[in-house]
Every structure is written in C-alpha cells, then in structure tokens.
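Here is a short briefing to read with the model open beside you.

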Amino acid sequence: MNLLQNYINGAWVNSSGSESINVVNPATQEVLAKVPYGNETQKDVANAVVAAQAAYLEWKNVPVLKRIQPLFKLKQLLEENRDEIARLITLECGKTLAESSGELQRAIENVEVACGAPMLMQSEFLENVATGIDEFMIRQPLGVTACIAPFNFPAMISFWFLPYAIATGNSMIIKPSEKVPLTMMKIFELLHQLDLPKGVINMVHGGKASVDELLENPLVKSISFVGSTAVAKYIYAKGTANGKRVQAQGGAKNPVVVLPDADIEMTSQIITDSVFGCAGQRCLAASVVITVEENSKIKESLYEAAKSRTVGYGLNSGIEMGPVISNDSKVRIESLIDQGVAEGGSLLLDGRNKKVGGFESGNFVSPTIIENLSLTGDLIKTEIFGPVMSLLHMKTVEDAIAFINQNRYGNMACLFTNSGSSARKFRSEAMAGNIGINIGIAAPMAQFPFSGWNESFFGDLHGQGKHAIEFFTQTKVVVERWPKEWTRKF
Ligand code: NAD
C-alpha cells in the first residue's frame with residue numbers, strides 16, 4: 001500500500017520521511033491507507049512553507065474580486081462530488097452517510113460566505129478627522145496561515161478557515177488529522193482543478209512533528225487549530241510565544257436543561273440526536289442532560305429514543321449511529337462508563353460490549369445513559385466524546401445555570417422550554433459561547449462565529465463569518481494630508 005502524498009506548490013509529492021501509520025476503517029478495521037507520520041514530516045512542512053510564502057507574495061496583490069472566483073467553482077465541485085466525499089468520510093470516520101453529507105453541506109456554506117469577501121473586507125474612512133486630514137483603515141492579509149484539524153469532521157472543519165484565508169489574500173497549509181486524511185486528499189484533488197496559483201493552498205500530513213514545525217517556522221503567521229483542550233492549550237501557548245496569531249478550539253462537556261413545560265416527544269428526540277449523533281463525537285454533542293423537577297415522562301422518553309437507535313456500519317441504509325473512531329477510543333469510553341458507575345451513577349442504558357453482526361471487530365459502543373452521577377466526582381467534568389448521556393435532576397433553572405457556570409468548558413449550553421422568560425434568562429446567564437433554545441446542536445451557521453468559551457477556546461477571534469475575515473487580515477490605518485501648496489500646478 002502506497003504512502004499518501006502531500007500537496008505542495010500545486011503538485012502531489014512524496015513525503016521526505018518513510019515512517020507511517022495506518023488509516024483504518026473504524027467499522028471493519030480494514031487498513032485504507034498509510035499516512036506519513038514521525039519526525040521527518042517536519043521537512044515536508046518546511047517545504048510547504050517556502051512554497052506558501054512565495055505564493056502569498058503574488059496572491060495578496062490579486063484583486064479580491066478575482067480571488068473569490070475559484071471559490072464559486074469550488075462550491076460547484078464540492079456539490080458535484082458530494083456523494084463520493086460523504087462516502088470517504090463514512091469510510092474513515094465511521095459516521096452515517098447522512099451525517100457525512102450534512103457535514104459537507106456545512107463546509108459548502110462557508111465557501112458561500114467567503115465569496116462575500118469583497119463586502120466583508122471593506123473598512124472605515126473618516127474625512128476631515130482634523131482640518132485637511134483624512135484617516136482610513138485597510139485590511140491586509142497576514143501571509144502564510146495554517147490549519148490543524150481533528151478527526152471528527154474530516155471535511156467541514158478546515159472550511160471554517162480555508163475559504164476565508166484565501167479570499168482575503170493569504171496562502172494556507174492544512175494538516176488534516178492523521179486518523180482521517182483521505183477526505184482532505186479528495187478535496188485537494190478538487191482544489192487542484194481551480195485556477196489558484198501554485199502554493200496558495202497546500203496539504204501536509206503528519207502528527208506532532210508537522211504541527212511543531214508550523215508553530216516554530218517564522219514565516220507562518222497564524223494557526224487555526226481545532227482539537228482536544230490539552231493540545232489546544234499547547235498550540236495557543238507555543239504559537240503566541242512565537243509571535244503568531246492563534247485561534248485554538250478545544251474540547252467540551254455540553255449541558256442541556258429541560259424545563260417541565262417543554263414538549264416531551266420533540267425534546268427527547270432532539271436531545272438524543274444531539275447526544276448520540278456521530279456516536280457522540282461532536283464538540284457540540286449534548287453530554288449532560290438536566291431535567292428541572294424530576295420528570296419521569298422525559299426520562300422514559302429519552303430512554304426509549306436512545307434504546308431504539310440503530311447502531312451499525314455507516315454505509316448501510318437505516319443505520320442511525322456508527323462506530324467510534326478507534327479501538328483505543330472504545331476502550332477509553334467503556335472505562336469511563338465503568339468510572340461513572342464507580343462514582344455512584346446508575347446505568348439506565350448500558351452500551352458497553354456492543355457487537356454488530358457482520359462487523360464484530362468494529363469499534364461500536366451503543367447509546368448509554370448514566371443517571372445521577374456524583375456532582376463531586378471526576379466523570380461529570382470529563383469530556384467522554386462518545387455516545388454517553390449523563391442524566392441529572394435539579395430543582396430549579398437557577399440550580400441548573402449555577403451548575404453550567406462552573407463547567408471548565410463553555411462550548412454550548414441548551415434549554416428546552418415553552419417559556420420566553422426562562423429562555424431569556426438562560427441565554428443571558430448561561431456561561432457558554434453557543435446557546436441553543438429548543439435546539440440540540442447550537443452550531444453557528446457559517447455567517448456567525450463558532451463562539452466557544454472557557455477551555456473550549458483559546459484566542460480572540462473565532463472561526464467562520466466576520467470573525468474569520470478579521471482573523472485572516474491585519475488592520476492598517478492611514479492618516480493622510482495633501483496640503484494645497486504642495487500640489488504641483490499644471
Ligand atoms: P487531538 O487534539 O488529538 O488532535 C487534533 C490535531 O492535533 C490533529 O491534527 C493531531 O495530529 C494534532 N495533535 C495531536 N496531538 C498533538 C500534540 N501532542 N502536539 C501537536 N499536535 C498534536 O483531537 P482529536 O482527537 O482529533 O479530536 C477530538 C477533540 O477535538 C475533542 O476534544 C473535541 O471536543 C475537539 N473538537 C473541538 C471542536 C470545537 O469546535 N471546539 C470541534 C471538533 C472537535
């Protein structure tokens with residue numbers, strides 16, 4: 001099996017190193033490819049940076065209206081290749097085909113928003129800021145930018161950054177997750193068909209060595225990272241210490257509160273989709289469900305909706321939940337369920353030791369519900385990143401908000417209710433950056449910033465929309481005077 005190639009300076013090239021790791025189908029354990037890994041990938045990144053810097057120096061001078069033209073074609077190519085890309089996502093990441101296609105749709109929407117760069121990049125002008133003096137601000141690109149992506153959205157996450165970076169005149173290097181590089185390989189085949197100058201977009205594989213070169217190379221001006229909080233902290237600390245602009249999105253532990261006046265059937269359907277969709281491997285997956293006032297009807301309804309979820313191979317029809325990414329992940333999730341029981345939780349639904357007929361070696365964990373987990377234990381604070389719901393009961397909405405506000409993360413908090421005043425209180429007081437009211441996955445659309453807080457985000461400007469335009473440009477202010485007496489008379 002050949003080693004996957006990098007895409008540098010407009011061409012597919014071999015990695016400098018020979019070390020690799022396997023890319024594995026999480027449902028079948030079939031080895032799909034070998035991806036470059038290990039210390040020598042650092043050289044690949046260094047080569048990509050040289051190409052990206054040269055490209056940036058030309059690309060920044062191309063008028064923005066011309067820079068966005070390839071994005072219109074990219075939208076069309078992504079749509080035409082939707083089925084093939086979705087299939088690749090499912091093959092290497094495990095989610096269902098419908099989830100893969102939905103992910104791609106979100107990627108496409110970011111391309112659409114970035115096509116608005118000619119409007120979004122417009123800035124400010126003040127005539128006569130002082131007598132005879134005008135002042136204005138312009139936005140200029142940064143240079144070589146980099147994106148480091150996680151495994152759980154192999155297509156979408158790079159698109160929170162890539163279209164904005166190039167529309168604003170930067171070049172970009174993408175390092176996909178070593179667990180799911182095939183989707184981005186396919187997307188780069190499509191990017192290769194665009195009329196982009198060589199070196200504007202590049203893709204380099206690898207793990208820590210590739211990331212460290214991006215963090216250390218002085219020509220790399222910004223880092224857009226999405227992944228676990230531990231790595232996000234490392235990236236933010238090292239990147240900023242090296243003078244780079246950094247946005248680093250981290251992990252999550254998302255609470256959802258259900259008030260007694262919420263519609264039971266709709267609420268439990270939406271919540272179980274949120275907890276168990278993508279096998280719980282979404283940074284916006286609901287993880288802790290809090291019913292205000294013990295509500296046996298909602299508990300029953302959540303149980304039934306979770307229990308009836310069909311688990312299996314994502315490529316097969318009728319499947320509602322695929323495997324988790326790796327056997328290590330399955331072992332970790334199942335041991336966290338053990339820990340929950342040891343910490344006093346009662347197992348309402350046990351998804352451990354799940355076997356799917358025909359896919360016995362797959363990394364399957366079935367929907368799991370742990371009730372009344374100890375609030376002083378560790379699990380209630382730990383990101384599980386798997387199909388596990390912690391079900392808690394509290395007396396008042398104030399108790400629930402107080403619980404939410406001591407969360408170390410702050411990616412999302414949701415409320416289900418029929419009461420406008422409760423909703424208003426919740427959206428104002430809950431300390432999380434993405435709030436859902438009767439919504440289970442409060443994922444900002446491409447026009448809005450993906451606003452994680454606390455340890456779910458390190459930085460100032462988030463991905464997507466206007467924040468992305470600001471992140472990928474630096475402001476320059478010009479103060480101008482043209483004294484009449486200096487003007488040559490013709
Ligand atoms: P991860 O942190 O293990 O890996 C993310 C990227 O960092 C990969 O490209 C990987 O190669 C690289 N990396 C890993 N270890 C590194 C190290 N020690 N030094 C330098 N680089 C390193 O994350 P993952 O397991 O791929 O993704 C799951 C995590 O991502 C979860 O915690 C999830 O909540 C989070 N996530 C967050 C968001 C968000 O928007 N906040 C979105 C998606 C996923």
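**Strands, a helix residue and cavities**

Strands β5 and β6 make a hairpin with 2 residues between them, and Gly 132 in the turn has a positive phi of about 75°. Strands here are DSSP runs (E, at least two residues) and helices likewise (H or I, at least four), numbered from the N terminus. This is a predicted model, in which local features need pLDDT of at least 70 and side-chain atom pairs count only at pLDDT 80 or more, while totals for chains, interfaces and linings use all residues. Residues are numbered from 1 along each chain as its sequence is written, and side-chain values use heavy atoms, with hydrogens and water left out.

**The hairpin**
- β5 (residues 125–130) and β6 (residues 133–141) run antiparallel, joined by 3 bridges; two strands pair if DSSP finds at least two bridges between them.
- Leu 126 has Glu 135 in β6 as its bridge partner.
- β5 is hardly covered, with 0 buried residues among its 6; buried means under 20% relative accessible area, exposed over 50% and partly exposed in between (1.4 Å probe, protein chains only).

**A covered strand**
- In β8 (residues 171–175), 5 of 5 residues are buried.
- In a regular strand, side chains alternate between the two faces of the sheet.
- Both faces of β8 are covered, with Ser 171, Ile 173 and Lys 175 buried on one side and Met 172 and Ile 174 buried on the other.
- β7 (residues 144–148) pairs with β8 in the parallel sense over 5 bridges, and Ala 146 stands opposite Ile 173.

**A buried glutamate**
- Glu 109 sits in helix α5 (residues 97–114) and counts as buried because its relative accessibility is 14%.
- Beyond its neighbours within four places in sequence, Glu 109 is in contact (heavy atoms within 4.5 Å) with Met 445 and Ala 446.

**Cavities**
- There are 4 cavities of 30 Å³ or more; a cavity is a set of points on a 1 Å grid over the protein atoms alone where a 1.4 Å probe fits but cannot get out, and lining residues have an atom within 4 Å of a point.
- The largest cavity has a volume of about 110 Å³, a volume being the space filled by probe spheres set on the points.
- Its lining has 14 residues, with Gly 280, Ala 285, Ser 287, Ile 384 and Phe 385 nearest the centre.
- The second largest cavity, of about 50 Å³, has a lining that includes Cys 93, Lys 95 and Met 321.
- That second largest cavity lies between domain 1 (6–250 + 460–478) and domain 2 (254–437), because both give residues to its lining; the domain bounds come from an automatic or database assignment.

Notes
On a 1 Å grid over the protein atoms alone, a cavity is a set of points where a 1.4 Å probe fits but cannot get out, and a pocket is an open set with protein on both sides within 12 Å along at least five of seven lines; lining residues have an atom within 4 Å of a point.
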